[in-house]
Amino acid sequence: LKKLDSINVVIVGGAALDQQSVDLLQSSKCRVFLTYGMTETISHIALQKINGKQKQETFVALAGILLEKDERDCLVIEAKSLGLQPVRTNDVVTLLSETSFQWLGRWDNVINTGGVKVFPEKIEKEIEKIFYQLDLQNRFFVAGVPDPLLGSKVTLIIEGDCNGEELNNAIHILRSAVSKYEIPRETKMVPQFIETKTQKINRSATLQLNSL
């Protein structure tokens, strides 16, 4: 943190920050921004300040960028200043204005459970906070596993062994943080997650390998 204080501004992209890092950054003098962008937009098109004064809960578009949603509630980016055609993304958002939004999750990951759409990323964010509080170190993700009654059931997938009592405590705390549809109906433990070339969790490959 002392080294970070010597830097004026830091931008973070590529993956979400864990809760522990976000908490630590609150005491830093450095201004830290999450970035939103993709190959199709050439560069970052929105920022979110996550610490210090004027901390933000939403992404705010850079100058010349306009935003809208498509029929799936996915973000559409218009950047005429970059000479681009409107870019349709697979990121489901809450659009607050034509220049600001809250990111909810990936359309590819949405779980349709009993006709209710659930965003695993939202549940994972709450679980991450709880695991941090309880000092549970296991990696995890939330996925929809086929179910004859619901179509897909919300399932918590955990890497390695996890203390059963602490896990039950975590789920109990989670019940007060999410809706009844978002509470995992089952927990599965797998020996090791499959990773992508960039060392991110490959959800689909992990589920397939473990026949989930």
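Residues are classed as buried when their relative accessible area is under 20%, as exposed when it is over 50%, and as partly exposed in between (1.4 Å probe, protein chains only). The structure is a predicted model, in which local features need pLDDT of at least 70 and side-chain atom pairs count only at pLDDT 80 or more, whereas totals for chains, interfaces and linings use all residues. Residues are numbered from 1 along each chain as its sequence is written, and side-chain values use heavy atoms, with hydrogens and water left out.

Strand β11 (residues 140-147) is mostly covered, six of its eight residues being buried; strands here are DSSP runs of E with at least two residues, and helices are runs of H or I with at least four, numbered from the N terminus. With strand β12 (residues 151-159), β11 runs antiparallel and is joined by eight bridges, where pairing of two strands requires at least two DSSP bridges between them. Three residues separate β11 and β12, which form a hairpin, and Gly144 has Val154 as its bridge partner in β12.

Five aromatic pairs are found in a search of the whole structure, a pair being defined by ring centres of Phe, Tyr or Trp (its six-membered ring) within 6.5 Å, with planes under 30 degrees apart counted as stacked, over 60 as edge-to-face and the rest as tilted. The ring centres of Tyr36 and Phe101 lie 5.3 Å apart with their planes at 80°, so this pair is edge-to-face. Because Tyr36 belongs to strand β2 (residues 31-37) and Phe101 to strand β8 (residues 100-106), the pair ties together parts that are 65 residues apart in sequence.
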